[in-house]
Amino acid sequence: MSAKANSISNHPKVAGLILAGGDGRRMGGNKPFRELAGKPLIAHAISAAARQCNHLIISSNQDASLFAAFNLPVIPDKPEPGHGPLGGILGGLSALPDDIDWLVSFPVDCPIVPDDMALQLIKAATDAGKKAAFTSHAGRDHYLSAVWHRDTGEIIMRQLAADDRRVGGALHVASAVVVDFPVEPGQSTPFININTPTDLNAMDAVLASLINLSDR
């Protein structure tokens, strides 16, 4: 059985939300389409999500036609643009198919995530009887790489109504579980954010070295 099939078959159906909003000013704009290892950042995020999710959604307030090549639904922020990533997550929760209760968020600027991220997050949340879980690595929490049950939409709506846009704040209110993801020997460091052209070049070099090692 493939890694994708194993990952998807061992947890409830889950939707993957590609967080492709934001203006990417430090990157010089157009962040989702900046190239890394020969393809745009958003393609890397979609690939990571597709390996472990049953349904994919792109979160963006840009014209949906910009993402036509990916043949995925494009959902704007809720209740309207201007609320940051939390508005994107609320938009994704509002677009969940009826038969899916869990949404996993994948930031477009975070191309390397564990292939079992969705599985581990949902398991941790359900085992603890909670409605959300988020990732941590090497002592640093990553709130945007997280899983959200559809019931957390009410928490997010109340928080945004109070003009509180903190993703970590919503996770705290939801009593979210934190899941640590250590790096195994030979694996790439996960959850590295690419915010500047320098970050992009550094990650390009890392991926190139991994490709060279796999060819030996």
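Student: Which residues does Ile-57 touch, not counting residues up to four places away in sequence?
Tutor: Ile-57 touches Gly-16, Leu-17, Ile-18, Pro-73, Ile-75, Gly-92, Ala-95 and Leu-103. A contact means heavy atoms within 4.5 Å. This is a predicted model, in which local features need pLDDT of at least 70 and side-chain atom pairs count only at pLDDT 80 or more, while totals for chains, interfaces and linings use all residues. Residues are numbered from 1 along each chain as its sequence is written, and side-chain values use heavy atoms, with hydrogens and water left out.

Student: Why is Ile-57 called buried?
Tutor: Buried means under 20% relative accessible area, exposed over 50% and partly exposed in between, with a 1.4 Å probe and protein chains only. Ile-57 has 1% relative accessibility, so the residue counts as buried. Ile-57 lies in strand E4 (residues 55–59).

Student: Why is E1 said to be largely enclosed by the rest of the structure?
Tutor: Six of the six residues of E1 are buried, so the strand is largely enclosed. In a regular strand the side chains alternate between the two faces of the sheet. In E1, Val-14, Gly-16 and Ile-18 are buried on one side, and Ala-15, Leu-17 and Leu-19 on the other.

Student: What makes E1 a partner of E6 and of E4?
Tutor: Two strands pair if DSSP finds at least two bridges between them. E1 and E6 run parallel and are joined by six bridges, with Leu-17 opposite Ser-105 in E6. Five bridges join E1 to E4, also parallel, and Leu-19 stands opposite Ser-59 in E4. Both pairs therefore qualify.

Student: Why is helix H2 described as largely enclosed?
Tutor: Eight of its ten residues (41–50) are buried, so H2 is largely enclosed by the rest of the structure. Among the buried ones are Leu-41, Ile-42 and His-44.

Student: What makes a set of residues a nonpolar core?
Tutor: Its members are buried Ala, Val, Leu, Ile, Met, Phe, Trp, Tyr and Cys residues joined through side-chain atoms within 4.5 Å. The largest has 38 residues, of which Ile-18, Ile-42, Ile-58, Phe-106 and Met-117 touch the most other members. Another core, of 24 residues, lies apart from it and includes Trp-148.

How values were computed:
Helix = DSSP H or I, 4+ residues; strand = E, 2+ residues; numbered from the N terminus.
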